[in-house]
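Good morning, and thank you for coming. Please look at the sequence and the structure on the screen before I describe them.

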Amino acid sequence: MEKKSKTPKTKKVQFHLTGFGAFSNVTENPTTILMKEIEEMLPLDEKWNIDIKSINILEVSMTAVDKYEKDIWKDIDEA
């Protein structure tokens, strides 16, 4: 007889990872490098129970951030 696990399945924690592009005299933003390194590490081990929904490099501007925030909320609302 097969035993059923009594451990409840937990929902994965979702992340939207964001880096930023060049600005002022900074030609290579450290957050851009970090996002690229994280992307190379994927897929993450399943035991982490996380879901990377997106990895993006944004222009350093309020317009870009506002648009990105709206896109994230739209994604959350559709889920």
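Predicted model: local features only at pLDDT ≥ 70, side-chain atom pairs only at ≥ 80, totals over all residues.

The term buried means under 20% relative accessible area, exposed means over 50%, and partly exposed lies in between, using a 1.4 Å probe and protein chains only. Ala22 sits in the loop between strand S1 (13–20) and helix H1 (30–41). Helices (H or I, at least four residues) and strands (E, at least two) are DSSP runs, numbered from the N terminus.

Which residues does Ala22 contact, leaving aside its neighbours within four places in sequence? They are Thr27 and Val60, where contact means heavy atoms within 4.5 Å.

Residues are numbered from 1 along each chain as its sequence is written, and side-chain values use heavy atoms, with hydrogens and water left out. The pLDDT is the predictor's confidence in each residue, from 0 to 100. For this chain the mean pLDDT is 85, and 85% of the residues reach 70 or more. Among the elements, helix H2 (residues 62–78) has the highest mean, 91, and strand S2 (residues 50–58) the lowest, 88.

Let us turn to the chain as a whole. It contains 2 helices and 2 strands, and along the sequence they follow the pattern β-α-β-α. Of its 79 residues, 18% are buried. Among contacts with a separation of 6 or more, 62% are between residues 24 or more positions apart.

Finally, I come to a pair of charged side chains. How many salt bridges does the structure hold? It holds 1, a salt bridge being a side-chain nitrogen of Lys or Arg within 4 Å of a carboxyl oxygen of Asp or Glu. The side chains of Lys67 and Asp71 form it, at 2.9 Å from N to O. Because Lys67 and Asp71 are 4 residues apart in helix H2, about one helical turn separates them. Lys67 is exposed, with a relative accessible area of 52%, whereas Asp71 is partly exposed, at 37%.
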